[in-house]
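Here are my notes on this one, jotted down as I went through it. Have the viewer open while you read.

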Amino acid sequence: MGEGVPTVAARETVGLGRPGRNGFFLRNFKLRTKFLLSLLAITTGLTTATLLIVRYSVQSRVRESIRDDLRNSVNTYKSFEQQRDLALTRSASLIANLPNVRALMTTRDEATIQDASYDIQRLSGSDLLVLADRTGIVTAVRSTRTGFQKPMAQELLQKSIAAGEARGFWYGGDHLYEILIQPIDFEGASSKTTIGLLVVGHEIDSAVAKSFGELAASEVAFSWARIIVSSTLAPEQQQELSRQVAALPATAPDAPQEIQLGSERYLVTTVSLSSGTRPGASLSVLRSFDKATLFLTQLNRILLGLGFLAIAVGTLLGFVLSATFTRPLGNLVAGVRALEGGNYSFPLQNSGQDEVAVVTGAFGRMRDSLQKVQLEQRELEARLRQAHKMEAVGRLAGGVAHDFNNLLTIIRGHADMLTDRVTADEGSERNLEQIQKATGRAVSMTRQLLAFSRMQVLQPRILDLNSVVVEMGKMLPRLIGEHIEYSFEPDPELANIKADPSQVEQVLLNLAVNARDAMPNGGKLTVKASNVEMDVSAVARRPSMTAGKYVLLSISDTGHGMDPETKAHIFEPFFTTKEVGKGTGLGLATVYGIVKQSGGFIWVESSPGTGATFEIYFPQARGPAYVMEKVSGSKAVPLGSETVLVVEDESGVRDLACQFLRSGGYTVLEAVDGVDALEISTRYSGTIHLLLSDMVMPRMGGAELTQRIRAARPATKVVLMSGYAEYSEANSGKESPQVPTIQKPFSLTSLAEKVREVLTEKPAEEAGQRR
Ligand SMILES: Nc1ncnc2c1ncn2[C@@H]1O[C@H](COP(=O)(O)OP(=O)(O)OP(=O)(O)O)[C@@H](O)[C@H]1O
Ligand SMILES: [Mg+2]
């Protein structure tokens, strides 16, 4: 029942956790996984970015500081060199001015000079000492190293003289010297004459490199024409350096360059020590970039460790946090799935104030209302089925009762007529009595069936229900017995209703009898009448009722009550729980039919052991209440002499009515249907005082015939015989026909009385009533 609709809707809208058709792969994951993955990505991204930024900024700072250091080192070297230069200059001028040196040079004897040069060198404290004549021809060479020979000195001196250099660098025999050329002058009285040249030099060896390296806290390398002469570097690094320095592009003199020596990176600044453009001595100062950034690697490791820690803690936190989001969501999803499967009672958790709780609350309410609607729908369907069943049973009962009416009219009429005739024979009289008794019961059952099928011809009147119940109350105690306490609670302000008083009495009677049967050991029967106003919400609990003002008649007992199964069938005809012969099962069916035909509604509240309460709602009606007549005692059958036109298609009934009226002194004309009756009326020249016609006939019915006869003979009075009202919902509560009617099956006495009553009515009154 309607379950397919929410299922489809839920599937389309919810679709959680199902793979997306063409979407991003994250769609395939649960919300919690998505959340964790996002968190992981963010933490990893942030950590990596931090590491890179720190690394980059620290590296550039380190590079900057190395650059400064290198610059300082070069400056340090310059002052270091100045010191050495000063020392060299001082010792050179000291020696050149020594009288014995001057004297030696004036000898011009090479062997003498060579011999003496040993002492001079020791005196000067230099690593190289060269003596030459004033033209630059070398006369003596002294070196702390072997391999620096006279021709080499001669060549280097010539080059220096040619270049006009008093100081500079000499490279020979794999040694590099920083040299100073000092002229040895002979000062005469008036002039100064150069008698020779003195060259003193300090070797730039590994000791120099080492001491300067320590001073500058750097690696240093001295080279000559790009060949490394001395250095603090390891030999293989030296080779590498000379190769790379040769390949370096020419840049600003002290702009540091980055090179790789072995596995280590260095920043190197190379400055030229020689003046002039000739390739000469140069100094390279190196700082290990890797060593300087060693702390950075450690820092990186720490940061990386911290990053991992952050990721781990973040993931854990995310896991815990996401649980607080996803658990309620998961519960909601489970609720949706349960609803898809038709489970309305899945426990939803919507504690808290957050959005998920709000959505869960809304979902819960939606689910409740869905369930309510579904239950209502089921209930409504059950009611509708029940109504259809009652309707079908009603038609069946009505059809049977209709045919029985005619048969019973005939049986009853003939029995009545026989009773009048057979008075002497006692046996026959008893037989006739039995026939009449049985007929009486059959008539009452037929009435009940007609009442249930709402085919009775009602005579609704404006009624004061209070007085109807009070009247009935006079005979009720006798009916229900003394062991049952009867009470009536009237409402002094009670509104009037519109119903057939005898039918209302029938309703009360049937309900009272049922109550009595439900309380074999005594109890209480309470009848209440009150005004109620049913608004929309009250009516919602009583489907099929419309909102409005009603008079509520409630009849409650303290009997054994009913189980739901019994309750579901009580209004069906022939449903009874009583022993065979004790109940026909027509009591409540009659009540139901009468209430429905009067435009009312009936409900029952009952459960086993708690008694039963029948509630009948009659729509309130306006107008003055009809005063019920006291039923007069039996009278003699009235006679007459007028002419009556009897129209009835059922020959048995027609014969009976005709026979009876004739025996009562009337002149009777017979017709089989409306058309026949009209013909007779046209042909008949005398007065027709009364038209007694059946209601439902083939060719032309009673209603149309009445109109036609009235048109032709306005003075003719009419009585319609009716077995039942046309079965139709619209008929319920309809006004009684304007024409007087007699209900089948009728007794001959009631027919005679009705005919007499109508015939003696004053025409003016009749016309007035008829509008
Ligand atoms: N006040 C009541 N308390 C308990 N059960 C009731 C009450 N009224 C009716 N019933 C149940 O409803 C059934 C049908 O009632 P209904 O009046 O239609 O038929 P009946 O009383 O059995 O027979 P009938 O009224 O034709 O003699 C009863 O048999 C009984 O089971
Ligand atoms: Mg009953």
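1. Start at the ligand. Of the 20 residues around ligand 1, the ones that come nearest are Asn514, Thr576, Thr577, Lys578 and Thr584; a residue is near if one of its heavy atoms lies within 4 Å of the molecule. This is a predicted model: local features need pLDDT of at least 70 and side-chain atom pairs count only at pLDDT 80 or more, while totals for chains, interfaces and linings use all residues. Residues are numbered from 1 along each chain as its sequence is written, chains are lettered from A and ligands numbered from 1 in the order written, and side-chain values use heavy atoms, with hydrogens and water left out.

2. Now the polar contacts (pairs of N or O atoms within 3.5 Å). The side chain of Thr576 has an N or O atom 2.5 Å from an oxygen atom of ligand 1, and a polar side-chain atom of Asn514 is 2.7 Å from a ligand oxygen.

3. H13 gives the most, three residues.

4. On to the helices. H10 (residues 355-421) and H11 (residues 426-452) pack at about 155°, axes 8 Å apart; axes are lines fitted to C-alpha atoms over the stretch in contact, and angles run from 0 to 180 degrees between N-to-C directions. That makes H10 roughly antiparallel to H11, the term for angles over 145 degrees.

5. H9 (residues 294-340) packs against H10 at about 15°, with axes 10 Å apart. H9 and H10 are therefore roughly parallel, as angles under 35 degrees count.

6. Two backbone spots to check. Lys744 and Pro745 are joined by a cis peptide bond, omega about -10°, and Pro745 sits in the loop between strand S22 (741-743) and helix H20 (748-760). Asp174, in the loop between strands S3 (167-172) and S4 (175-187), has a positive phi near 60°. Most residues other than glycine have a negative phi, and most peptide bonds are trans.

Conventions: A polar contact is a pair of N or O atoms within 3.5 Å; within protein, one must be able to donate a hydrogen and the other to accept it, and residues adjacent in sequence count only if both atoms are side-chain atoms. Helices (H or I, at least four residues) and strands (E, at least two) are DSSP runs, numbered from the N terminus. Angles under 35 degrees count as roughly parallel, over 145 as roughly antiparallel, 65 to 115 as roughly perpendicular and the rest as oblique.
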